[in-house]
Amino acid sequence: MAYIGRRPGSLRCLLSGVSVNRFFCAVGMEDMGLTLGRSPLERLPFDNQALKKLPLDTSEEAGVRQVKGACFSRVKPQLLTGPRFVAVSPQALALLGLSQEEVLNDPLGPEYLSGSKVMPGSEPAAHCYCGHQFGQFAGQLGDGAACYLGEIKVPPGQSPDLLLENPSLRWEIQVKGAGLTPYSRQADGRKVLRSSIREFLCSEAMFFLGVPTTRAGSVVTSDSKVLRDINYNGHPRHERCSVVLRIAPTFLRFGSFEIFKQADEFTGRQGPSYGQIQETFPDHVERNVAFFREVMVRTARLVAQWQCVGFCHGVLNTDNMSFWFVLLRFDPDYICNASDNSGRYSYQAQPTICRWNLVKLAEALAPELPPERAEAVMDEYMDVYNRFYLGNMRRKLGLLKKEEPEDEILITELLQTMHNTGADFTNTFRSLSQISCPKEGENEEEILGQATQLLLKQCASLEELKAANKPTMDPRELAMLLSLAQTNPTLFQIISDRMTIARQLDKLSKLKDLMESSQEELKIKQAEDWTAWITRYRKRLGRELEGLSDAVQAVQDDRVKVMDHTNPRVVLRNYIAQNAIEAAENGDFSEVQRVLMVLEKPFSSQPGLELPTWVSKHGDTEEAEREEAEEQSASSSTVRSALPYDSKPPAWAQEICVT
């Protein structure tokens, strides 16, 4: 039970003829009544150390402006009309010592968790930071839509595993979409329902996959509306203002340190607090090197973890590591952000981009972090990344007993085969545990055939591969750029780059080959590719069993257990999020809540939670509905079937555009 006030038994004295009981009843009951009447959100133990220890902007000037010599600016969140909960995450709220029931039953809950009403102890503020966006220094950025509410002391009994990543024993909470700040630039500080639901679900999905992430406690929507041009095509529409409650040990980022940057040699921009550092601390060099090395190791581990679950980060700027989506099918050149025209943040580029961001962080920390010491730390990055990546991949393949140099080749060949055949990333890895270790006396040809058929189910059809390899650039534009690259290389470098053109030409070449092929020919080629890889894989599995003749079954059982707890059955795919968004935009929040429940247990089957809400209501026909939906998806690119959550994406999912 929560402690709500001083216990009567703790009063040990009498006051001038007044008994303890009479004094408590006459005076203390009023205070006790106020405490009892306060909602759990009004009793949160705030301890806002960031505002106490970091420079705070003293100006109360309204509007967008440059903020010098400060890390935070006080702000006033803007009210929402008719705020209401879309969904809450019970496990995220538990970090703050809150239960789902008490938050949902609190009549002021939607107001408090949207910033419309300020909780006692909360000190709303916006964080000032800078950043390199798509490789160029952008100067002052800052929280244009996010609002720091404060820091909550960790409640008693919190899991030690959670506290390993949070040694400060405080959780910073923030609302995104609460209105204008000094850093809103040309925007209005608001977020809409679709983007808020995506962030809410993806933040929680990543956590339950075991990838370090910010958490999302709730989504609140409202009757307030803003105008948005969703496809940037000149057809804006009004959308509901919505707010996400974010939770993390801190929301400081690489760009937080770039506010001190001197004028950039390319853009001419500088950090708003350049020249504001009053003194340096030469005796802190070793501490700063240790700090930077820890950041490097955690960054390498993080990107290795998300690469191994097929996650693709949309905007890897130094100021912004926001979450987006997982791969539809494996493609090393996959770009999940439609605004990333150059492919800077493609799936395969992300480890290198994270290294580039670390270099920029090191530059921002100089001279407190000597450049030569930072360079020595950065020399370790790729080795650290590869160690984490190979360790994760070996578990995904069930290679638990031995580490062989050839494992890296086996993994690379697997990913290349997945790419060539258009295989689904998540489902292919999940299927690998069904491929058994070799045994004496078994029919090798039969085993290979069964394993190949298993993986062929996850491969793309001819039409899907054609769609995936269709160039995104207009043929006339491509021809013009090719000509320009020859005649005026300088101008070409300004408006495009050779990597972008190479990707377009590669797609054209693959599309040409596909146009000359049939579905039957494609299937034969896919089967050959998979049979060749499975043969190598089973030989490697055989070496896992060497010298273990008495424990073969135990090794196999352990392998399957580890693989099924490493390779998720369900991930948040674009189409799953889109279905939930469309239902919510029509006033039905149940699908958002249901998807969250599914994502909370991504490695296991959940009877009764196999299909979306509108299908599962017919429980007695669920299996039939599942089979029918999969058949419709395979035969149609326009019907939005209610697919099971663990299915390959439908054809229409390729049409989803996220910027």
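In which sense, left-handed or right-handed, does helix 8 pass helix 11? The crossing is right-handed, and the details of that pair come below. Keep in mind that this is a predicted model.

## The overall picture

Let's start with the whole protein. There are 659 residues here, and 51% of them are buried. On the secondary structure side, you get 24 helices and 13 strands.

Take the contacts between residues at least 6 apart in sequence: 72% of them join residues at least 24 apart.

## Helix 8 against helix 11

Back to the opening pair. Helix 8 covers residues 285-308 and helix 11 covers residues 381-397; their axes come within 8 Å and cross at roughly 35°.

Who touches whom? From helix 8, the residues involved include Met296, Val297, Ala300 and Arg301, with Gln305, Gln307 and Cys308 also among them. Helix 11 brings Tyr381, Val384, Tyr385, Phe388, Tyr389, Asn392, Met393 and Lys396 to the contact. Sorted by class, that contact has 12 nonpolar, 3 polar and 2 charged residues.

## Helix 7 against helix 22

Now for another helix pair. Helix 7 (residues 193-208) packs with helix 22 (residues 590-599) at an angle of about 15°, and the axes are 9 Å apart. Angles under 35 degrees count as roughly parallel, so helix 7 and helix 22 are roughly parallel to each other. Helix 7 passes helix 22 in a right-handed crossing.

On the helix 7 side, Ile197, Phe200, Leu201, Glu204, Ala205 and Phe208 make the contact, and they meet Val592, Val595, Leu596 and Leu599 of helix 22. The class tally for this contact is 9 nonpolar, no polar and 1 charged residues.

## A look at Cys241

Finally, a single residue. Cys241 sits in strand 11, which spans residues 237-248. Is Cys241 buried or exposed? With a relative accessible area of 2%, Cys241 is buried, because buried means under 20%.

What is Cys241 in contact with, leaving aside its neighbours within four places in sequence? The list holds Leu80, Arg190 and Lys191, then Val220, Thr221, Ser222 and Ser224, and also Lys225 and Val226. There is also a distance to note: Cys241 and Thr81 are 160 residues apart in sequence, yet their C-alpha atoms are 9.2 Å apart in space.

How values were computed: Residues are numbered from 1 along each chain as its sequence is written. This is a predicted model: local features need pLDDT of at least 70, side-chain atom pairs count only at pLDDT 80 or more; totals for chains, interfaces and linings use all residues. Side-chain values use heavy atoms; hydrogens and water are left out. Helices (H or I, at least four residues) and strands (E, at least two) are DSSP runs, numbered from the N terminus. Buried means under 20% relative accessible area, exposed over 50%, partly exposed in between (1.4 Å probe, protein chains only). Contact means heavy atoms within 4.5 Å. Axes are lines fitted to C-alpha atoms, for helices over the stretch in contact, and angles run from 0 to 180 degrees between N-to-C directions. Angles under 35 degrees count as roughly parallel, over 145 as roughly antiparallel, 65 to 115 as roughly perpendicular and the rest as oblique. A crossing is left-handed if the near helix is turned anticlockwise from the far one by less than a right angle, and right-handed if clockwise. Ala, Val, Leu, Ile, Met, Phe, Trp, Tyr, Cys and Pro count as nonpolar, Asp, Glu, Lys and Arg as charged, and the others, Gly among them, as polar.
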